[in-house]
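Me: I have a model open here and want to go over its surface and its side-chain contacts. Can you take my questions as they come?
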Amino acid sequence: MKGPRRPRATASMADVARLAGVSSQTVSRVSNGYAGVNEETREQVLAAMKELGYRPNSAARALKRGEFRTIGVITFSLSSTGNVRTLEAIATSAAAEGYAVTLLPVAVPTQDEVRGAFSRLEELAVDAVIVIMEVHLLDAATIMLPPYVQVLVVDSDAGEHYTVVDTDQAGGSRTAVEHLLGLGHHTVWHLGGPEDSFAAQRRTDAWRAALAEAGRTPPPLIRGDWSAESGYRAGLELAAQQDCTAVFAANDQMALGLLRALHERGRRVPEDVSVIGFDDIPEAGSFLPPLTTVHQDFAEVGRLCVQAVLRKVRQDDPERGTTLVPTRLVIRESTAPPSSPGR
């Protein structure tokens, strides 16, 4: 009795056709997922592929179709919640469109690194590239993205030169400040993100503008690095400011560290100090107290990124410009009127 046929590492389409008793054209139709092959024949072909260890040449099929159905993603940081959740949303939306995602993190955001990243993505065969910007690079004269690659940018103000999708950073920040002023706080302190972050700068600018429009003088800006630890260090400083009754933190992680510092220094939240974050991470409702925060719709950002870059690939919508995804304020228990009105 013969044992099972041993898989052949170099099995060809013709080998599969012979084993299945069909034509090479039928094997091709099955491997490409085309209709018109009856189920019994399809099962025979798939069984032959499995037995021989045959894998369709996806690269050759892609060249024949003129597309690879793969989107490259370049990101300069995977440490921030915003970038990770945006990447997750892009991957989910791409999969829904039948596209795979190839991720290429760039550790050092320089011209050479960016150029090398695009070169590597070309070798990996992608149809387009989404660049998740966390630093001010596209505005620098030294950074030039290759003009022959279909590119979409997230989190940047480069809409004059590229297609950009971003959260409405300014609108969300303005809503946060107006909420605190509306509760009766005389002014709002700001725990900002890192200086080289576009999102952090947008939020800081909007904080200043909202206070100026309300006739209030902005307190000194305090910066963190998006981490809870930096929020804790800043919180120790803010806790010592007795006239500080409201703080807008540029993200939820820093707000978490801030809450800990205020608690350790005996400043009650929200009775003594109201705190608002930004992002609305899944854990925000489990903070103590539950955190009032600005909700970012990362799923919508990812969906719009994929839709826009695929329109560019199909040449349906090559226009440059910026699409802003609205935010909304989620009010929980970390904000309240000041205990001494008018402070």
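Me: Which residues make the nonpolar surface patch?
Reply: Leu78, Val84 and Leu103 make it, with an area of about 220 Å². Patch residues have over 30% relative accessible area and no salt bridge; nonpolar side chains (Val, Leu, Ile, Met, Phe, Trp, Tyr) are joined within 5 Å, like charges within 9 Å. This is a predicted model, where local features need pLDDT of at least 70, side-chain atom pairs count only at pLDDT 80 or more, and totals for chains, interfaces and linings use all residues. Residues are numbered from 1 along each chain as its sequence is written, and side-chain values use heavy atoms, leaving out hydrogens and water.

Me: Where is Leu78?
Reply: Leu78 sits in the loop between strand E1 (70-75) and helix H5 (81-96); helices (H or I, at least four residues) and strands (E, at least two) are DSSP runs numbered from the N terminus.

Me: Switching topic: how many salt bridges?
Reply: Seven, counting a side-chain nitrogen of Lys or Arg within 4 Å of a carboxyl oxygen of Asp or Glu. One of them joins Asp15 to Arg18, with the closest N and O atoms 2.4 Å apart.

Me: Are Asp15 and Arg18 buried or exposed?
Reply: Asp15 is buried at 8% relative accessibility, while Arg18 is exposed at 60%. Buried means under 20% relative accessible area, exposed over 50%, and partly exposed in between (1.4 Å probe, protein chains only).

Conventions
Accessible areas come from the Shrake-Rupley method with a 1.4 Å probe; for residues, only the protein chains shown count as cover.
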